[in-house]
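Subject: Structure handover

Hi,

Here is the structure I promised to pass on.

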Amino acid sequence: MKDARFAISLDELRSKGLYRKRGLLETPQGVKIRVDGRDCINFCSNDYLGLANHSEVVQGFLEGAKRYGVGSGSAHLICGHSQVHHQLEEELAEFTGRDRALLFSTGYMANMGVISALMGRRDCVFEDRLNHASLLDGAFLAGTKLKRFPHRDTGMLDQQLENSDCAEKMVASDGVFSMDGDLAPLPQLVKKSQDHSALLVIDDAHGFGVIGEKGGGIIEHFDLGQNDVPVVVGTLGKAFGTFGAFVTGSEDLIKLLIQKARPYIYTTALPPAIAAATRVSLSILRTETWRRDKLSQLVEYFRQGARALGLNLMQSETPIQPLLIGDSAAAIQASEFLKQQGLLVAPIRLPTVPKGSARLRITLSALHENHDVDRLLEALDQCKITENCA
């Protein structure tokens, strides 16, 4: 049944090429999946290290469920904080080289919780214009003044900080930008933040496990520490292959978040079996370094092939490889063409990316092989010259 209150808005989204559809996944997550009845090579997952269906991670989940059950039953501050949650927090703190870590149920909630707990209405948050929506929404939840600077433009950030008369200042940025794949200019962000006594928050959701020799993310990549970047957010549903999120920093930071972060206080704790599985994936992430090595090789292999074909790739050395198209309808058409060839690549459009910058967001996994990449490049080359694909 149509509801006139909503039908007009839905029709408008369709006319602009902005209507989204969910594909029905019929298999476990991986590089070979079945979606909507079609076998596909998956080039749009954030399972960068191929751990989402790793047999040891699955076994860790099963053993965790057998010991702790499925649901946590309550928020962490009531009776939902189990032993395995605490063990994972301690291991994440040790992995990141920080005093403490705090689990959140989602990355979105972690970012909202951090900003809303630490900032108030008389304060200012300065954010990169291409930050993830959760960082922006954190400022909205806090009721703080939000100022955005052009992507990676630390000169403009410096001017904004200099001209601000806010009581407290925070600089927040993605570490690896989720739709562009490029890195934040972290050393410059550290300097600007310190010069203006601003608290620096980095969301390294797409960096942990992938960037850095040991998988420590953008902080390790630039050889920085807790004093340089006081607050770091990570997620568990990408390179870790499980679900949830965490915040790392000083002892006092974590204590304060436990007391004041509303998305932490008022949310049911992550299922303990997920925490158990994540302890296994963290161990694999740290010891099986071949996964990062192979991923780096695949990124370079793909970029070399794309350059040879003259494809309009954006600048990224991470597993996120965006192919700029521009028009939203054309991005959808290109994605559908690839799906017909058995290749799953997501079209990214407004409002996720700015108008006129629609793209195919190609992501690579350590479980891909060179021949998978070859197949994708062949289809992209065909897509470029056929009427079936704009």
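Predicted model: local features only at pLDDT ≥ 70, side-chain atom pairs only at ≥ 80, totals over all residues.

Residues are numbered from 1 along each chain as its sequence is written, and side-chain values use heavy atoms, with hydrogens and water left out.

The largest pocket holds about 1,100 Å³ of space. Its lining has 29 residues, and Lys-21, Arg-22, Gly-23, Ala-346 and Pro-347 are the closest to the centre. (A pocket here is an open set of points on a 1 Å grid where a 1.4 Å probe fits, with protein on both sides within 12 Å along at least five of seven lines; lining residues have an atom within 4 Å of a point.) Helix H14 (328-340), strand S1 (32-35) and strand S12 (346-348) each bring at least two residues to that lining, and H14 gives the most, with 4. (Helices are DSSP runs of H or I with at least four residues, strands are E runs of at least two, both numbered from the N terminus.) By class, the lining splits into 12 nonpolar, 8 polar and 9 charged residues.

The second largest pocket comes in at about 640 Å³. It is lined by 28 residues, and His-132, Ala-133, Ser-178, Met-179 and Thr-352 lie nearest its centre. Helix H5 (107-118), helix H6 (133-142) and strand S8 (231-235) are the elements giving two or more residues to this lining.

**Ser-173**

Is Ser-173 buried or exposed? It is buried, with a relative accessible area of 1% (buried means under 20%, with a 1.4 Å probe and protein chains only). This serine sits in strand S6, residues 169-174. Beyond its neighbours within four places in sequence, Ser-173 is in contact (heavy atoms within 4.5 Å) with residues including Asp-128, Asn-131, Leu-135 and Asp-203.

**Helix H4**

H4 covers residues 83-96, 14 residues in total, and reaches 20 Å from its first C-alpha to its last, close to the 20 Å expected at 1.5 Å a residue (that is, 1.5 Å times one less than the number of residues). Among its buried residues are Val-84, Leu-88, Leu-92 and Phe-95. The buried residues of H4 pack against several elements, including helix H2 (55-68), strand S3 (100-104) and helix H12 (272-287). Just after H4, Gly-97 takes a positive phi of about 70°.

Cheers

Technical notes
Points joined across faces, edges and corners; volume = space filled by probe spheres on them. Nonpolar A, V, L, I, M, F, W, Y, C, P; charged D, E, K, R; others polar. Buried < 20%, exposed > 50% of the residue type's maximum accessible area, 1.4 Å probe, protein only.
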